Amino acid sequence: MNPQPLEPTITTPLFPGLSQALLSLLRELSASDWAKPTVCPGWSVQDLVAHLLGGNLGRLSFQRDRLQRSDMASITTHAELIAWINEQNAGWVHAARRMSAPVLIDFLELTDAQLHAFFQSLPPDADAAIAVTWAGETTSTNWFDIGREYTEKWFHQQHIREAVHKPGMAEHQWLHPVIEIGLRALPYHYRAIDAAEDTLITLQIEGPAGGVWSLLCQQQWVLCANSRADAQTKITLTDDTAWRLFSKGLTQQEAQRAIIITGNLALGTPIWDLVAIMA
């Protein structure tokens, strides 16, 4: 059976459960827990919660309510966009340090529910207001943009859980969609890799949230939901390695040690630099 292009990954139904898990965790934390540093440079647990709240407010204000931003008019390059995003994030997190933990939790609960309702209202296959640029897209579908938002929330909840030494949301239900959304960056990531027609790369991700995918060269690279035994290259990594790789949680040296490549090495090494986040 020839590998088939991957079907859409629908994440909208997962938002309430992911939100409830985080809210329950946050309500159990001590004041010292809120002050603990996270892997996000310079940000504490409280800062990451504020960042998640800011993401909700931005989506609801600019996408649902169509608030216009004149300060984005001068942005013409990807580098300028990233710089703008980082500046906005830093400014919001700094301002939110004036909020108490209970206030942040209440606002997060309120806006999480509103964001889920908004996402439910969007036709999954219609064009999204925001393109998933880390996948090389200039126009994306709503389901992909929503999936990108799901991965962002999952990544940061995981960062919070690790900071306070609580178990992560690594079950198949939660992590498998993160992996499947992140892997959609691969065709764009491989765009400069020349290969013969029908060249096949197998990706085997081990662990409870894993699975088997492949990249198939058909004039351009296509991400597929399965593979064949005659793949020229096989890339093997764990589900834990995968999400850390996608979210810049590994150095290239760490990625090289954690990822096994067999067959044509040159076709496998681009995986070391795979990123599925904006900034």
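Trp243 is buried, at 2% relative accessibility. Buried here means under 20% relative accessible area, exposed means over 50%, and partly exposed is in between, with a 1.4 Å probe and protein chains only. Before I go on, this is a predicted model, where local features need pLDDT of at least 70, side-chain atom pairs count only at pLDDT 80 or more, and totals for chains, interfaces and linings use all residues. Residues are numbered from 1 along each chain as its sequence is written, and side-chain values use heavy atoms, leaving out hydrogens and water.

Now to the rings. How many aromatic pairs does a search of the whole structure find? The search gives 9. Rings of Phe, Tyr and Trp (its six-membered ring) pair if their centres lie within 6.5 Å; planes under 30 degrees apart count as stacked, over 60 as edge-to-face, and the rest as tilted.

Trp243 pairs with Phe155, and this pair is stacked, with 6.3 Å from centre to centre and 25 degrees between the planes. Phe155 lies in helix 6 (residues 142–163) and Trp243 in helix 9 (residues 239–246), so the pair ties together parts that are 88 residues apart in sequence. Helices are DSSP runs of H or I with at least four residues, numbered from the N terminus. Phe155 is buried too, with a relative accessible area of 3%.

Among the other pairs is Trp143 with Phe144, which is tilted: 5.5 Å centre to centre and 35 degrees between the planes. Both of these residues, Trp143 and Phe144, are buried. There is also a cluster, in which ring pairs link Phe15, Phe118, Phe119 and Tyr150.

The charged end of Arg191 sits over the ring of Tyr188, 3.8 Å from the ring centre. The test is that NZ of Lys or CZ of Arg is within 6 Å of the ring centre and within 35 degrees of the ring normal.

Next, the backbone. Which residues other than glycine have a positive phi? Arg66 is one of them, with phi near 60 degrees. Arg66 is in the loop between helix 3 (45–64) and helix 4 (78–96), and at 63% relative accessibility Arg66 counts as exposed. Lys248 also has a positive phi, of about 60 degrees, and is not a glycine. Lys248 is in the loop between helix 9 and helix 10 (252–258).

Last, a residue in between: Leu110, found in helix 5 (residues 101–121), counts as partly exposed because its relative accessibility is 45%.

Terms used:
Helix = DSSP H or I, 4+ residues; strand = E, 2+ residues; numbered from the N terminus.
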